[in-house]
Amino acid sequence: FDQSPSSYIPQYGGFCAWGMTAEYGCPKFAWASDCLGPNGNWSVWTIYNGKLYFFLMDSVKEYFLEDPQGYVANGDLRWAGWFSDSTESKFSTKCFSSE
């Protein structure tokens with residue numbers, strides 16, 4: 001951890017990676033820079049290309065794993081569009097959801 005602490009930071013601030021990469025127009029979670037969707041569940045995660053991604057539930061993690069390269073590309077573009085200043089970080093402070 002001491003050698004590379006940033007390697008342990010969850011992507012998309014610890015919010016559900018599926019929501020960040022694939023949900024658009026979802027009425028339950030608005031997904032906007034000022035209204036980030038559900039918190040990730042720390043027991044539902046994956047490592048892709050050396051980065052940690054949390055998910056709300058197993059079913060959406062499975063969707064993500066069908067095309068992680070494509071979903072990460074979508075999510076990275078969306079996140080960068082909202083938070084283009086790399087020094088500004090948005091983090092879920094509730095990185096757990098029992099839903």
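This is a predicted model: local features need pLDDT of at least 70, side-chain atom pairs count only at pLDDT 80 or more; totals for chains, interfaces and linings use all residues.
The phi of Asn49 is near 50°, a positive value in a residue other than glycine. Most residues other than glycine have a negative phi.

## Tyr12

Tyr12 also has a positive phi, about 55°, although it is not a glycine. Tyr12 is placed in the segment before H1. With a relative accessibility of 4%, Tyr12 counts as buried, because the cut-off for that class is under 20%.

Asp58 has a relative accessibility of 51%, so it counts as exposed.

## Overall fold and confidence

The protein contains three helices and two strands. Read from the N terminus, the order of its elements is α-β-β-α-α. The protein has 99 residues, of which 40% count as buried.

The mean pLDDT of the protein is 82, and 82% of its residues reach 70 or more. Confidence is highest in H2, with a mean of 96, and lowest in helix H1 (residues 17-22), with a mean of 90.

Technical notes. Residues are numbered from 1 along each chain as its sequence is written. Side-chain values use heavy atoms; hydrogens and water are left out. Buried means under 20% relative accessible area, exposed over 50%, partly exposed in between (1.4 Å probe, protein chains only). pLDDT is the predictor's confidence in each residue, from 0 to 100. Helices (H or I, at least four residues) and strands (E, at least two) are DSSP runs, numbered from the N terminus.
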